[in-house]
Amino acid sequence: MTENAVPPAAPGSGEDDEPQAGRAPVIRIPGISLVVLVGVSGCGKSTFARKHFRPTEVLSSDFFRAMVRDDENDQTATADAFDVLHFVARRRLLAGRLTVVDATNVRPAAREPLLALARECNVTPVAIVLDLPEDVCAERNRGRAGRQVPPHVVSQQHAQLHGGLGELGREGFRHVFVLDRAAAVDAATVVREPLWNERKADMSVPAAREYAEPAQPFLPEPGTEAPVRDDGLT
Ligand SMILES: Nc1ncnc2c1ncn2[C@@H]1O[C@H](COP(=O)(O)OP(=O)(O)O)[C@@H](O)[C@H]1O
Ligand SMILES: [Mg+2]
């Protein structure tokens, strides 16, 4: 995996030569992010999203196709489905909710409106790329229940993905995590970094504490018990 997803090797361990070997990838993302999953049909995006994110955080193009046409396979619904998906993503991001876009996103033209949305809503755009070998994706496609994408479409998407893979940072993604083996996908964990306003309560510097909690007139000394509220409201 690229970027900062893999823990640093111990000094002198010699692991620098093979940064991915034997270590579980850790995907660190800001608490409010627009997470864009990228990968060909059948690579495992929806499975990955289910494993690491809440159902309400994941906006899937299949779900929105079904929403607008009662049929997640109806490709004529794609434009309408993305209109609604972008609308919901925007509302979520403006409300400060982490949002995951589960669609192939292999073409720059599909990613561009999502990057614009992240800029508009002032959240961090993160790409998580499931770049599994084409034969694995084709095999998974064959084995999936419901919609199966023809092999030539998988090949075409694979070529599109690789055409732009090196450009994701330049496109505007602040973090780009590439998982390029099935074992790495299965071992990966997603860690959400606390937001600034979640972190400030932990600060031990008095000036920062005062700034963080201006409404608290009697701040306990570090190491002492906080006053117990006894107003029946807790
Ligand atoms: N990590 C995995 N290991 C084994 N099979 C997987 C894994 N992830 C997905 N699959 C299988 O591959 C097929 C496609 O997965 P899915 O998550 O729907 O892909 P996508 O959303 O990228 O099209 C499904 O049948 C699923 O069960
Ligand atoms: Mg899917």
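A residue counts as buried if 20 or more other C-beta atoms lie within 10 Å of its own, as exposed if 12 or fewer do, and as partly exposed in between, with C-beta atoms placed from the backbone. Helices (H or I, at least four residues) and strands (E, at least two) are DSSP runs, numbered from the N terminus.

This is a predicted model, in which local features need pLDDT of at least 70 and side-chain atom pairs count only at pLDDT 80 or more, while totals for chains, interfaces and linings use all residues. Residues are numbered from 1 along each chain as its sequence is written, and chains are lettered from A and ligands numbered from 1 in the order in which they are written.

**Exercise 1.** Determine how many residues of β2 are buried, and on which faces.

Solution. Start with the count: six of the six residues of β2 are buried. Next, sort them by side. Ser33, Val35 and Leu37 lie on one side, and Leu34, Val36 and Val38 on the other. Both faces are therefore to be considered, because side chains in a regular strand alternate between the two faces of the sheet. In β2 both faces are covered.

**Exercise 2.** Find the strands that pair with β2.

Solution. Two strands pair if DSSP finds at least two bridges between them. β2 and β5 (124-130) pair in the parallel sense over six bridges, and Ser33 stands opposite Thr124 in β5. β4 (99-102) also runs parallel to β2, joined to it by three bridges; here Val35 stands opposite Val100.

**Exercise 3.** Work out which residues of α1 (45-52) are buried and what they pack against.

Solution. The buried residues are Lys45, Phe48 and Ala49. Seen down the axis of α1, they fall within an arc of 100°, so they line one face of the helix; the arc is that of the directions from the helix axis to the C-beta atoms.

**Exercise 4.** Describe the residues around ligand 1.

Solution. A residue is near the ligand if its C-beta atom, placed from the backbone, lies within 6 Å of it. Of the 13 residues around ligand 1, Gly44, Lys45, Ser46, Thr47 and Arg140 come nearest. Two or more residues each come from α1, α5 (134-143) and α8. α1 gives the most, with three.

Methods:
Contact = placed C-beta atoms within 7 Å.
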